Amino acid sequence: MAVTPRGTSPVPPDARPRLTVLSGPSGVGKSTVVAHMRKEHPEVWLSVSATTRTPRPGEKHGVQYFFVTDEEMDKLIANGELLEWAEFAGNRYGTPRAAVLERLEAGEPVLLEIDLQGARLVRESMPDARLVFLAPPSWEELVRRLTGRGTEPPEVIERRLAVAKIELAAESEFDETLVNTSVEDVARELLALMDVV
Ligand code: 5GP
C-alpha cells in the first residue's frame, strides 16, 4: 500500500477543488447569498477576511471578519500573511493566506467573498481559481439595495456607488456571471459551479 509521506497532501493534485472567488459590486447581495448557501451546505469553507472597518451592529470578531487596527493590518501585509488585500471605500480588507491554502490542501471546497481588486490579485497568484461575478438584476436595483441598507452615512453610500459603477464594468474579466434575482437560485447555481451538489 502506498504511504503518503509526511507533509505532503494525501489528495492528488487533479482532485483538489479549485478556489472559488465570488465578487461583485458592494450591495449586490454577496454575503446574503453566501450565508444562505452555508446554512444548507456548511461543508463549504468560507474564508474570514481581516478588515480595518468598524463592525456593523451584530457583527462579531472572527465570524464576519477579523476586525483589526491599522497597525495590525500593516503587520499582516508586511509579513506576507495575506493572499490578497485591497483598499475599499476607505478601509483595508485582506484574505488570510495560510487558512485558505490549508483547506485547499485538505481537499475542501473553499470560497472567498472579496471585492474586484482582490479577485484580480487572486487571478494573478492562483490562475486556476474560478472567478464568479454576482451581478444585480439592474443598476436601479443595486442603488436601491445600497441606499436601503440604512447602515452607512450618505458619503459612504456615494463612494460605494462610484466603486460599484467601475465594478460592474469588469464583469467580462470573470469566468462566470450569476444574476442575483433570487438568493435561493443563485446559491444553488454557485454550489453547482463548485461541484458541491
Ligand atoms: P463590507 O464592508 O460591505 O463588509 O465589504 C466591502 C467590500 O469588501 C465587499 O465588496 C467585500 O466583498 C469586500 N471584501 C471583504 N473581504 C475582503 C477581502 O479579504 N479582500 C478584498 N479584496 N475584499 C474584501
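**The annotated site and a helix**

Modeller: In the unreviewed UniProt entry, the annotation "binding site" covers Gly 24, Pro 25, Ser 26, Gly 27, Val 28, Gly 29, Lys 30 and Ser 31; such annotations may be inferred rather than shown by experiment. The lining of the largest pocket includes, of these residues, Gly 24, Ser 26, Gly 27, Val 28, Gly 29, Lys 30 and Ser 31. The model is predicted, so local features need pLDDT of at least 70 and side-chain atom pairs 80 or more, while totals for chains, interfaces and linings use all residues. Residues are numbered from 1 along each chain as its sequence is written, and side-chain values use heavy atoms, without hydrogens and water.

Colleague: Why is Ser 26 called buried?

Modeller: Buried means under 20% relative accessible area, exposed over 50%, and partly exposed in between (1.4 Å probe, protein chains only). Ser 26 has a relative accessible area of 7%, and therefore counts as buried.

Colleague: What makes Val 28 count as buried?

Modeller: Its relative accessibility is 0%, so Val 28 is buried. Contact means heavy atoms within 4.5 Å; leaving aside neighbours within four places in sequence, Val 28 is in contact with residues including Leu 134, Pro 136 and Leu 142.

Colleague: How do you know that the buried residues of α5 line one face of the helix?

Modeller: In α5 (residues 139-148), Glu 141, Leu 142 and Leu 146 are buried. Seen down the axis of α5, the buried residues fall within an arc of 130 degrees, so they line one face. On the other side of α5, Glu 140, Arg 144 and Gly 148 are exposed.

Key:
Helix = DSSP H or I, 4+ residues; strand = E, 2+ residues; numbered from the N terminus. Arc of directions from axis to C-beta. 1 Å grid on protein atoms, 1.4 Å probe; cavity = no way out; pocket = protein on both sides within 12 Å on 5 of 7 lines; lining within 4 Å.
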